[in-house]
Amino acid sequence: MWKFGILVAVAVFLETVSATSLGVVYTDGGMVQGKNIRLGFRRHMDVFRGIPFADIPGRFEKPKRHPGWDGVLKATEYRNRCMQVNLLMTDTRGSEDCLYLNIWVPHGRSVSTGLPVMVWIFGGGFLAGGSMGANFLENYLYSGQEIADRGDVIVVTLGYRVGSLGFLSTGESDLPGNYGLWDQHAAIAWVNRNIRSFGGDPDRITVFGESAGGASVNFQALSPHNKGLFKRAISQSGVVLCPWAINKNPRRFAEEVAIKVNCPTDENMAPCLKMTDPAVLTLAGSLSISSSPDHPLVFNLALSPVIDGDFIPDEPSKLFNNMADIDYIAGVNDMDGHLFTGLDVPTINSPLVNTPIEDVKRLLAAYTKDKGKAGADNAYSTYTSNWASNPSWETIKKTVVEIGTDYIFLVPIQAALYLHAANAKTGRTYSYLFSEPSRMGGIARPYPSWMGADHADDLQYVFGKPFSSPLGYWPRHRYVSGYIIAYWTNFAKTGSGWCTTDRGMVQGKNIRLGFRRHMDVFRGIPFADIPGRFEKPKRHPGWEGVLKATEYRKRCIQVNLLMTDTRGSEDCLYLNIWVPHGRSVSTDLPVMVWIHGGGFLAGGSMGMNFLENYLYSGQEIADRGDVIVVTLGYRVGALGFLSTGESDLPGNYGLWDQHAAIAWVNRNIRSFGGDPHRITLFGESAGGASVNFQTLSPHNKGLFKRAISQSGVALCPWAINKNPRRFAEEVAIKVNCPTDEKMAPCLKMTDPAVLTLAGSLSISSSPDHPVVFNLALSPVIDGDFIPDDPSKLFNNMADIDYMAGVNDMDGHLFTGLDVPTINSPLVNTPIEDVKRLLAAYTKDKGKAGADNAYSTYTSNWASNPSWETIKKTVVEIGTDFIFLVPIQAALYLHAANAKTGRTYSYLFSEPSRMGGIAMPSWMGADHADDLQYVFGKPFSSPLWYWPRHRDVSGYIIAYWTNFAKTGIKKVIAQIADEDLPCDERDGWCVLGTTDKLRDMISAMIKKLIRASKPPMPELPKRRRRKGLAISPWRGSDSEEETDNKDDEDEDDEFLPSEGSENEMETVAAPGLV
């Protein structure tokens, strides 16, 4: 037991000494040190209380910078709030020395850097309040701890002058007013100058506040003095257009105050007021709470900002162009007006006393007095239009609250949002309604049971009180608080606190990539419901609240790598999204939707995982290409593709899943900053074939614009099963189901894991029976998703830009199983195996076909070919049969049927990194070798790659993403945020290459024959020459004539093709030809 105690003590000691802390922080006023608190395992927070952001202010003067201090300032205690009346308005509290702020900085395993910053401006009618808020047992309302910890942001709260000392004004230069707004501005400027020292990002400052604080936020956003100081703003229950937010006749109230303190009201008034005792001045400016339906309380709020020609240079409604680049959220509580109307019409809170209808009319008349009797009558008609002939007490009382909410808050806030949206450039506009019922409503409580969210009811949830004071709240209150903290802090991070989909709201994770570069990552968003067995997917029913999309979900059920068991789940139709952001939140980005490969038998939306580095992470593509990347899951194996070829088991469920995901992206991607008119599908192997199937299916018309098929198309011999029943019967027998009309119902009732194992791939193969022929679980012609033979459907993709290509030794993965000797450095491959493999591939052509093929592939052999030549020929044969020829045929069919769509071919030839290790040293690019470069692994795992691999990865990401943007091959480099266009040459351009290298690549490219839209002939034979794919589509030209033409052009300049845009183009770079 004593050993355990020592162990615990050591653990605590290590945790203590390793606590992450900023320590002493340097500011432009001097050094400060706060207090470091431990929040949990590897989670700490630095808290700084009472940092001066300005000097002690002069009476009715703008704040001045603090002169600074010597040594280290201990910022561990809140400082006095600014002088103000107490709650009973019988005395004052606070001090004139009050311009201080507080900072909360969260840390994880390491000290935080580059965090978003949220600056809080408190409310209180411009009369009261403080940077720490109300206090109950040292639990301060405006403690930023919960927001900072749960949202991973820095929180700042500030003090500013209120009441007479903050807003008294004559409306002239002798007493201009707005001193409290200048204080807020000084604090924001201090934060912008110094927050980087505290681990904050000065380019991601969000100002937020409530009531008078919400209006203050709006004023700060409109003032020209704040240009560039903050990026986002949140106004809760208050904007500049609220009737209480600005005083257009400040002198009248100044004279009332002057009379109370025995000052004259002539030209000597301002000097006298400046000399008056601050406590006396403050009491003289206190609020009169005397009110009635004829004179509502809101009209008593006279100490407020003024149009001073400086901080507020004009009518606020004319200043919204100043916040054109600021993201803005504003909203109300659904019964915000209750606090005020409860004083104006007290009967609304009495359960035993009715509210006279006459009081409703009197209140409306007061609010619409500038509109006269006609305005009041019209308003009354509007608010009572849904009343019954004899309205209930509750209806009348709720109408009073509704009227107050609309007049005091809702209508001006909606008007402000309209003005922001109308003047916005890059700034985005959001509205919200908070409706959590007041905890003061109910039986034996001061407010009625029908109460919604009263004024200021949102504050406890914004500042996480249900978490810091858990005994005072129910679990549902913690949910509400968690949601609003998530909304606000995500907005602070990206300008988009949450994304709204057609099924509900989702929240991802925001990660920092570098200076002014961030990314929102959403993992595990459901795009369809849990699918029924052998049924098309259905739309997800949706969810309440906010879905936390931060973890990958399980892949669809499939066999494991050894095919001895299953993994995954039937609940698997989820997708993942990566959204990059620069200095501002992204909008209208191109979208790239990835469909994984795996022989229609295996795979997942995230790919393989090594130390949390997932193969299909879209981060590098999204960041380097400035596109949104989406990866999706779909059913595979028996559950995804088993078919009888009839309506009882039609098949193609996996393709329908892909279609459902694409449709979801088209419907929802705009909410994530994507352009639904620039969606590009891309995929590899079975994913590449799936991309082609999606382009051919009539069900996808208009859902996407471009497509890339890597090492797979619909014409590949493994991509479609034209006799699916045979394999379905084999599976049925394995799982003890009949093979008659009862087969389909039996299969539907079979355990999914048993079914999946029964449909696993046999890897038994030989030159006589290549492994590719074992791939039987694949799409079928079902008369619905694939209504006809794929070769007859290319007219469906006539307006889709299409790129397809191969790796130069794509067939090695397969032929290495069929002819294992090709990978042995000590064993020769018999020529007989070459003949047997060709005979298997050409069995439908008979012996003559096999002999002709053998003659073609050995035409360049020496009389005594080397072992290497024979082995490479085997790989070449497999690559041609399994990938190259069908892909070139698909490109031909696309070009021949194209209208606006353009056709591109590529060949990837970066040598396999396994060559010379587990594979021969002569290896080129094996099947799937391109994936690591497409997904930027040389950048995300730099220790495993050489610089040339990063070059190749950079090229292919540039090609793919530029294709997604424009459908053309023009490449734009981005270095240090600067666009560097390279001149287009020979119809294409390559980054970072010399003219000599370009000329060399041009000479190589011209070996590729581009489509010239010949009449549709029977597809000719395809060949490979000099490691490049050759497509000799020249009408009736013979193969020899084609070769001669190539030879004749040997030294000619390579020129862009003549003719229409529908010609097939070729892109090129080292490793990507």
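The model is predicted, so local features need pLDDT of at least 70 and side-chain atom pairs count only at pLDDT 80 or more, while totals for chains, interfaces and linings use all residues. Residues are numbered from 1 along each chain as its sequence is written, and side-chain values use heavy atoms, with hydrogens and water left out.

**Exercise 1.** Find how many aromatic pairs there are, and classify the pair Phe60 and Tyr179.

Solution. Start with the rule: rings of Phe, Tyr and Trp (its six-membered ring) pair if their centres lie within 6.5 Å; planes under 30 degrees apart count as stacked, over 60 as edge-to-face and the rest as tilted. This rule gives 43 aromatic pairs. Next, look at Phe60 and Tyr179: their ring centres are 5.6 Å apart and their planes stand at 50 degrees, so the pair is tilted. Now locate the partners, using helices (H or I, at least four residues) and strands (E, at least two), which are DSSP runs numbered from the N terminus. Phe60 is in the loop between strand 4 (43-52) and strand 5 (72-74), and Tyr179 is in helix 4 (residues 179-194), so the pair links distant parts of the chain, 119 residues apart. Last, both Phe60 and Tyr179 are buried (under 20% relative accessible area; exposed is over 50%, partly exposed in between, with a 1.4 Å probe and protein chains only).

**Exercise 2.** Classify the pair Trp656 and Phe785.

Solution. The ring centres of Trp656 and Phe785 are 4.9 Å apart, with planes at 70 degrees, so this pair is edge-to-face. Trp656 belongs to helix 18 (residues 653-668), whereas Phe785 is in the loop between helix 22 (752-758) and strand 31 (801-807), 129 residues away. For burial, Trp656 has 8% relative accessibility and counts as buried; Phe785, at 0%, is buried too.

**Exercise 3.** Find which ring lies under Arg150 and which under Lys361.

Solution. Apply the test: NZ of Lys or CZ of Arg must be within 6 Å of the ring centre and within 35 degrees of the ring normal. Arg150 lies over the face of Phe467, 3.5 Å from the ring centre. The charged end of Lys361 sits over the ring of Tyr380, at 5.1 Å from its centre.

**Exercise 4.** Describe phi of Phe600 and where this residue is found.

Solution. Phi of Phe600 is near 60 degrees, a positive value in a residue other than glycine. Phe600 is found in the loop between strand 25 (589-595) and strand 26 (609-610). With a relative accessible area of 1%, Phe600 is buried.
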